[in-house]
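Please look over the sequence and the structure below before reading on.

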Amino acid sequence: MARAPFELAGVRVAPGARAQIDVPVAKLYTHAPLHIPVEVIHGRQSGPVLLVCGAIHGDEINGVEIVRRLLRSSAVRGLRGTLIAVPIVNVFGFVQHSRYLPDRRDLNRCFPGSEAGSLGSRVAALFREQIVDLATHIIDLHTGAIHRTNLPQIRAQLAPGGETEAMAMAFGVPVILNAELREGSLRHYAQGNGVPVLTYEAGEALRFDEWAIAPGVRGVRRVMRSIGMLSSDRRRATPPAAEVANGSSWARAPIDGILRPKVRLGARVGKGELLGVVADPFGNVEGEVLANADGIVIGMSNLPLANEGEALFHVARFDAIEEAESAIETFQSDYESLPEGLNLK
């Protein structure tokens, strides 16, 4: 029996074909229409339906480039199942270089949404109904917030032996956070409906970080192989095992002032270790930022200007910290030739 076409937003994509689809989302004040761009690749053979999406936060643009490279990859030409690629979900925020929608709502706190709600709720409902509910697996691409950068990491709710855990391990980044679900997020909605979801966090908002983009593309392809969408590639080495963090916390600014970091992203730190110094412009008053636990710096502020209480260094805790440090060093060596590679030494 011939495989049925795949239908999205009223467009039918034949087996073995691919199509770009503009999903109408709203109109601007000028009456100009706005669309969520989608590309569907519908394989000739049956298999999972994977949604890969970026820029739910409109300023988190590394995911846009990850999706572009994935779609241009020769690996996806003979895939089994269906790939739904959405480079930009929050088109409003993307145009305005903003994390948020015009009503200042965070789209990733609006799911499942409502057709009769706020703009954020309406966009979430449309994205859910037209796209998300078609998927059997999801990879959601993110970065750190504005002026913050993240070590490449996976965030997921892990159940031992479950499909989400298997996808997270297959992705091939050094750190996995067993993260609680946040109500209103895409991950909360999909996971609640039995759909395994990974959130990939890497790099900084409004930047193209090659050391975040390249492993993101490779990680998505690894997951596609692990769930049977792509043939295995024996030429590629198996990625080193990722380490699962047992928790994380932020070290915050003790005073208002200007931050001078003393550690880099990916550094191993001990409880009480000096992470940075915040001082007034004259250097007369200084406050030390200290690690509140043994762990690895997986996120940090890139903006030297800090207000008291502001989150500056995100430290993840591990039961096997030596293994976590080793995984990060191996990851660095894989990408050390990149011009913007991590400096973890």
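## Salt bridges and a sheet

Glu65 is buried, with a relative accessible area of 9%, where buried means under 20% relative accessible area, exposed over 50% and partly exposed in between, computed with a 1.4 Å probe on protein chains only. This is a predicted model, in which local features need pLDDT of at least 70 and side-chain atom pairs count only at pLDDT 80 or more, while totals for chains, interfaces and linings use all residues. Residues are numbered from 1 along each chain as its sequence is written, and side-chain values use heavy atoms, with hydrogens and water left out.

Side chains of opposite charge can pair when their charged atoms come close. A salt bridge is taken here as a side-chain nitrogen of Lys or Arg within 4 Å of a carboxyl oxygen of Asp or Glu, and by this rule the model holds 15 salt bridges. Three of these pairs, including that of Glu65, are set out in the table.

| Salt bridge | Closest N to O distance |
|---|---|
| Glu65 and Arg69 | 2.8 Å |
| Arg155 and Glu201 | 3.8 Å |

The pair Arg155 and Glu201 links distant parts of the chain, since Arg155 belongs to strand E8 (residues 148–156) and Glu201 to strand E10 (residues 197–204), 46 residues apart. Glu201 counts as buried, at 9% relative accessibility. Salt bridges with shared partners also join Glu65, Arg68, Arg69 and Glu210 into one network.

Arg69 is partly exposed, with a relative accessible area of 25%. In the pair Asp103 and Arg105, Asp103 is partly exposed at 26% relative accessibility, and Arg105 is likewise partly exposed at 39%.

Turning to the strands, an open sheet of four has the order E16-E15-E13-E18 with antiparallel pairing, two strands being paired if DSSP finds at least two bridges between them. Strand E16 (286–290) and strand E18 (305–306) stand at the edges, each with a single partner strand, so one side of each has no neighbour in the sheet. Strand E15 (residues 274–279) pairs with E16 in the antiparallel sense over five bridges, and Gly276 has Val289 in E16 as its bridge partner.

Key: Helix = DSSP H or I, 4+ residues; strand = E, 2+ residues; numbered from the N terminus.
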